[in-house]
Amino acid sequence: MGPTVVLVHGAFADASGFAGVIRELQTAGITVIAPPNPLRSLASDAAGLTTMVEAIDGPVLLAGHSYGGAVITQASAELDNVVGLVYLAGFGINVGESCASVHEAFPPSLLAKTSAPTPYDAPGGPGGPDLYITEAQFRETFCADAPVDVAAAMFATQRPLTLAALTESATAAGWNTTPSWSLIPDHDNAIAPAAQRFMAERMRATTATIAGSHTVFIARPVAVAGFIRRALAG
């Protein structure tokens, strides 16, 4: 039996966006789990993932989208059964870096202009507000290749990320000892493709570019599932 694929979603979304990818992987006989990512703090989100993955019998391939990449980076350093890391437009940060700080060396993405804080502290967070993407440019920022009606539903159901999680530094980086793969959308308006390439090169990741937005796995699930299957093949 091959590795279980664990898909970890990022900010402003939930695991339902992986539906097409899950369908493709399951059709190929691959076991897939897509747990909720609380988006409250890097340490607590990674600890929750670690607990879940430790309970899986057998090898695991972790795949993280966006902020989910930071979560699998942190969690995988303490997991003996993780055999690979896949970054889908994901943050492959290093020890001492946050999702915010690693992006500082690159031109600001559209997300920097279209995200806004709540006027209240984030429920369940360590302090400070939640962040949302504003409605006017949600589709352009996050899911430009999704149909307009799908993007509208995604805006209405978006799950916020705490500002604390965005700025919290990693204390471990599993990619230092675990093989990694990075899929970089060439029209990503949330994380600059140049920043993604920098992180991929530093991780010595097997890298591919794909035509699409930050959530290209929604528009092109067959291609993204194919990339994950390449990682499974080693």
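Mentor: The second largest pocket holds about 220 Å³ of space, where a pocket is an open set of points on a 1 Å grid over the protein atoms alone, with protein on both sides within 12 Å along at least five of seven lines. A volume is the space filled by probe spheres set on the points, which are joined across faces, edges and corners. Please keep in mind that this is a predicted model, in which local features need pLDDT of at least 70, side-chain atom pairs count only at pLDDT 80 or more, and totals for chains, interfaces and linings use all residues. Residues are numbered from 1 along each chain as its sequence is written, and side-chain values use heavy atoms, with hydrogens and water left out.

Trainee: Which residues lie nearest the centre of the second largest pocket?

Mentor: Asp14, Ser16, Gly17, Met154 and Ile218 do, out of 16 lining residues, and a lining residue has an atom within 4 Å of a point. Helix 1 (19–27), helix 7 (148–156) and helix 10 each supply at least two residues of that lining; helices (H or I, at least four residues) are DSSP runs numbered from the N terminus.

Trainee: And what volume does the largest pocket have?

Mentor: Its volume is about 410 Å³, and among its 22 lining residues Ser109, Leu111, Ala112, Leu166 and Ala190 lie nearest the centre.

Trainee: Changing topic, how many aromatic pairs are there in the whole structure?

Mentor: A search finds 5 aromatic pairs, counting rings of Phe, Tyr and Trp (its six-membered ring) whose centres lie within 6.5 Å; planes under 30 degrees apart are stacked, over 60 edge-to-face and the rest tilted. For Phe106 and Phe198, the centres are 5.8 Å apart and the planes stand at 50°, so this pair is tilted.

Trainee: Why does that pair tie together parts that are apart in sequence?

Mentor: Because Phe106 lies in the loop between helix 4 (99–102) and helix 5 (111–114), while Phe198 is in helix 9 (residues 193–203), the pair ties together parts 92 residues apart in sequence.

Definitions and conventions: On a 1 Å grid over the protein atoms alone, a cavity is a set of points where a 1.4 Å probe fits but cannot get out, and a pocket is an open set with protein on both sides within 12 Å along at least five of seven lines; lining residues have an atom within 4 Å of a point.
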